[in-house]
Amino acid sequence: MTLVEDTSIGEIEVDSDFANALLDGLSAPAKFIPCRFLYDAAGSALFEKITELPEYYPTRADAEILRTRAPEIAHVMPPGAVLIEFGSGSSLKTELLLAQMRDLYAYVPIDISDAALRGAQARIKKRFPALRVLPLLGDFALPIQMPPEIADRPRLGFFPGSTIGNLENAAAIKLLANLARILGPNGRLVIGADLKKDERRLIAAYDDEAGVTAAFNLNLLKRANRELDADFDVSQFDHLAEYNADHGRIEIYLVSQAEQSVKIRGRRFRFAAGERIHTEYSHKYDIDGFHALAARAGWGPVEVWTDSDRLFSVHMLETV
Ligand code: AVI
C-alpha cells in the first residue's frame, strides 16, 4: 500500500506491488523479496555497471556469440519474416541481428517500459529507416495480442541475456510456453542461457571486487526506505552469493549482521543475527539441461552456439 497525498480528502491508501511483496516476503518463515524489485532506476543503473565488470562475463560472452553468429541466425529466416524481441530494453544487441536481416518485414520490440520502447524505436528507425518497427507495450509473461499486420508471417523470437535463469524451473517453463504461443506454429526462438562452470568463477561474477553487485542487492533495502518509509539500517546487512550445486544456481541473499528489527508500514519485522533474506536465483544450465527444460514448454533444438571460452550459450529453438 502506498500513501498518496490528496488535497481534498487527505491521505488515501492505494495498492503498491512492492509494499505488498515486501510485507508478504518478510512475513514468510524463510524471508524473501522477489527479484523483479531489484530494477528501480537506481537498481537498473547498478545492473548496467554490473554488465561492465571484469568478473561479470555473461553480457560480453552473449554479445560475442551474437556478433559472430548473427549472419547464421539471420539466414535461417525466410524473407518477409518478423523479429519479435522479448524485454527489448534499449535493443542494443538487436542491432547485431537487424544488420544481417535484410528482408525483414517488421521488428516488434516488447517491453514494459514505455520510455525504453520509445528510445529503442527512435534509434532503430535512425539506423534502419526502411524497417517497419511495431513496438508493443506489455508483459510477455502474459498472453499478448500481436499486431494484425504480422499475422501469418514467419516469426523469430529473440530473448538475449540470461533472464530466463532468474526464474525457477516451473516459472521458466511457463514463460517459454507463453513465448511458444506468441510465436505460433513453426516459430523460432533465439535465447541466451548461462552455462554451468567452475564455482569460483560463478561466485566472482555475483560477488565482485568493487562491490557493485552488493550495492545492487542492498539497493532493495534502500528502495524500501525511499519508497515505503521503512527504517532498514542498510549497514547492518551483507550481500551473499552462494552456488547451490544441487539446483545448478547462484543464490543471492541479504544477511542480517546482528539481531535487529525493522519497521515497515507500521509493522515490525525481526531478524536474527545471520538470518537471510533471499533476493535472487540465477540458474546455470548445461546444453542438454536447457534442451530438456525447453522441451517441457514445447520447444525443440535447432542449433546452439557458445562463446570462445564456453561460458555462455545462445540456443535456436523451434516449436514442435
Ligand atoms: C538479469 N540477470 C540475467 C542477471 C543474472 O546474471 O542473473 C541479474 C544479476 N544479478 C546479479 N548480477 C546480475
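I'll start with N166: a polar side-chain atom of this residue lies 2.9 Å from an oxygen atom of the ligand, where a polar contact is a pair of N or O atoms within 3.5 Å. The protein covers 96% of the 340 Å² of accessible area that the ligand has on its own, by the Shrake-Rupley method with a 1.4 Å probe.

This is a predicted model, in which local features need pLDDT of at least 70, side-chain atom pairs count only at pLDDT 80 or more, and totals for chains, interfaces and linings use all residues. Residues are numbered from 1 along each chain as its sequence is written, and side-chain values use heavy atoms, with hydrogens and water left out.

Back to the contacts. For Y206, a polar side-chain atom lies 2.5 Å from an oxygen atom of the ligand. For S282, an N or O atom in the side chain is 2.6 Å from a ligand oxygen.

Which residues are around the ligand? They are Y39, F47, I50, Y56, S162, T163, N166, Y206, T213, F216, E280 and S282, each with a heavy atom within 4 Å of the ligand. Helix α2 (41-51), helix α8 (212-228) and strand β13 (276-283) each supply at least two residues of this shell; helices are DSSP runs of H or I with at least four residues, strands are E runs of at least two, and both are numbered from the N terminus. By class, the shell has six nonpolar residues, five polar and one charged. Tyr counts as nonpolar here, along with Ala, Val, Leu, Ile, Met, Phe, Trp, Cys and Pro; Asp, Glu, Lys and Arg are charged, and the others, Gly among them, are polar.

Notes:
Polar contact = N/O pair within 3.5 Å; in protein donor to acceptor, adjacent residues only side chain to side chain.
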